Amino acid sequence: MTHVLIVDDKNENQYYLQSLLTGSGYTVDVASHGAEALVKARQRRPQLIVSDLLMPVMDGYSLLRHWRADANLKSIPFIVYTATYTEPEDEKLAYSLGADAFILKPCEPEVFLTRFREVESQGVVETTDTVIPDNGNESELLKDYSVILIRKLEEKTLQLEEANKILLEDIARHKEAEDKIQYLAYYDLLTNLPNRRLLNDRLQHTLAVSIRHQNHGAILFIDLDHFKTLNDTKGHNIGDLLLIEVAKRLQDCVSDGDTLARLGGDEFVVILEDLNRDEAQAAIQVKKVCSKIIAAINEPYHLENYLYHSSTSIGICMFRDHEMTVDELLKRADIAMYQAKNAGRNTLSFYDPAMQIALEARAAFESDLRLAVENNQFILYYQMQVDHSGKVHGAEALIRWQHPVKGLVPPLQFIPLAEETGLILPMGLWVLKTACAKIKEWENNPLASHLQLSVNVSASQFHDPDFVKHVIDIIQSHAIKPERLKLELTESLVLDNVEETITKMQMLRAIGVRFSMDDFGTGFSSLYYLTKLPLDQLKIDQTFVRNIFINNRDAVMVQTIIGMANNLGIEVIAEGVEREQQRAFLEQHHCNFCQGYLFSKPLPINEFEAKLNALAQT
């Protein structure tokens, strides 16, 4: 049976809807205002809500906004049923806030039920409750509703005798509605602070005054640290409580002549006016305000029964007599705020033009990288993996970016950006496909048919839900022997979600794919997990190899890794081998395989295969 929540401050309205809906087979609960409705809905989740607009404590607009912001309630259809607001703007506002229907009082019972059932059929989840069958009383109920409507008409007739008073009341209500719409256009509903639109107007005025009086002004871009984590873990209602309290604290930190606004989310902006003409003194004034804000935000919060600690990062852009647009000022303050984030959060940062240059360069580089993915500007280099006799057992495939203007771009310059932007996923697939195509080609080459080809896998690529499927599909489409493909995973990737990692590795290991743990020793691998992972190889990080004869601890680390791997029956290879003394040390301590410039640097495929031929002839 569908459960309906009715929200109205008038008893007769509650009775009317309750009688109508219970007589039609629904269960009904009632509330007298929005706050009571939220409490009841969270205690017993309804399947549809019918709400008036103008109510004490919390009106229908506020209820609708909170309803759509609540993860547990937002999917429940919401019908506005009102006689208070009748202007088109009110209907438009209700729909913009997420209403599913807007019905004006009074409404004929049959018409109301038709609209109600339309919304129900579109959004209410079916239940297993048994619907009460029609027992023939519905017609009697409709008569009762008609009596109610007749009484309302009689009341309206009496009101016509006071036409002048009603007219004045209508004008007042209309003015109230206009004021509300005007308020909503310029103020934030949650915090009652100016919104972006009003902020732009005031900032434009402040710029004009600054040019005229030659005084400094400043924009403070304030962003709460880790606010998303609070929202995700405790819910948007707790997040809203934090934003309301932060708004109050910020108001206490600024002067009456300054402007505090909320841009949206957890972003606030303060406009400081009439600062000192001397830039250094003005900067000192700004720092004092920011220090006061940071201290206020750092004070603990009691959010219902939850004690929470927050911090903030503040970006500052000062101005005086500058021909800058409002958008440019906000952009610069935003850049400075991210600089504060990068500096460790809970601090402030002034805008530096160098930041802008760096961001623009990064944006251009990102655009080039996207074009590189679209236009396939990548190539693979191959670095040999050998034993101590110099016999080649495999190779590592290393991606390179052949930029049409800049030439060969080193991976350290574009891999971090690719991971940050998500471009690493299509790049990783391209590497896998290209490597498998090469393995297939080598099947007909006696010098290369036995080689294992190693491919690096990024964390985001490995944790992609379709990763295993992609690998299997690529192997099958190229018809290669799976044991010729070796996937290199980092320690941090493996430990990020050990159970998921083991499951995926075992699925691929079952068809023959090999696994190597790259950069081993730089992370915090547990020996327990090491025994659980289906690893074929450990790769000693080149930093340890490089320092074997410089730092005794690194030499001990290398020996320990080799001994542990050999005891576990895991193959061990050292990367970054550049000197004969390093190779000899590794051979002495039973590390059987090496990779590094002593044997070969990474080579394009034609040079790699030429070197294979040359080694075969020696």
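Strands E18 and E19 (residues 537–540) run parallel and are joined by three bridges; strands here are DSSP runs of at least two residues (E), helices runs of at least four (H or I), both numbered from the N terminus, and two strands pair if DSSP finds at least two bridges between them. Within this pairing, serine 516 has glutamine 537 of E19 as its bridge partner. The model is a predicted one, in which local features need pLDDT of at least 70 and side-chain atom pairs count only at pLDDT 80 or more, while totals for chains, interfaces and linings use all residues. Residues are numbered from 1 along each chain as its sequence is written, and side-chain values use heavy atoms, without hydrogens and water.

E18 (residues 514–520) also pairs in the parallel sense with strand E17 (residues 485–490), over five bridges. There, threonine 490 has aspartate 518 of E18 as its bridge partner. Five of the seven residues of E18 are buried, that is, under 20% relative accessible area with a 1.4 Å probe, protein chains only.

Helix H12 (residues 326–342) has 17 residues and should span 24 Å at 1.5 Å a residue, which agrees with the 25 Å between its end C-alpha atoms; the expected span is 1.5 Å times one less than the number of residues. Its buried residues include Val326, Leu329, Ile335 and Lys341. Just after H12, glycine 344 takes a positive phi of about 120°.

The largest cavity holds about 30 Å³ of space. Its lining consists of Ile439, Trp442, Glu443, Ala448, Ser449, Leu451 and Arg484.

Key:
Buried < 20%, exposed > 50% of the residue type's maximum accessible area, 1.4 Å probe, protein only. 1 Å grid on protein atoms, 1.4 Å probe; cavity = no way out; pocket = protein on both sides within 12 Å on 5 of 7 lines; lining within 4 Å. Points joined across faces, edges and corners; volume = space filled by probe spheres on them.
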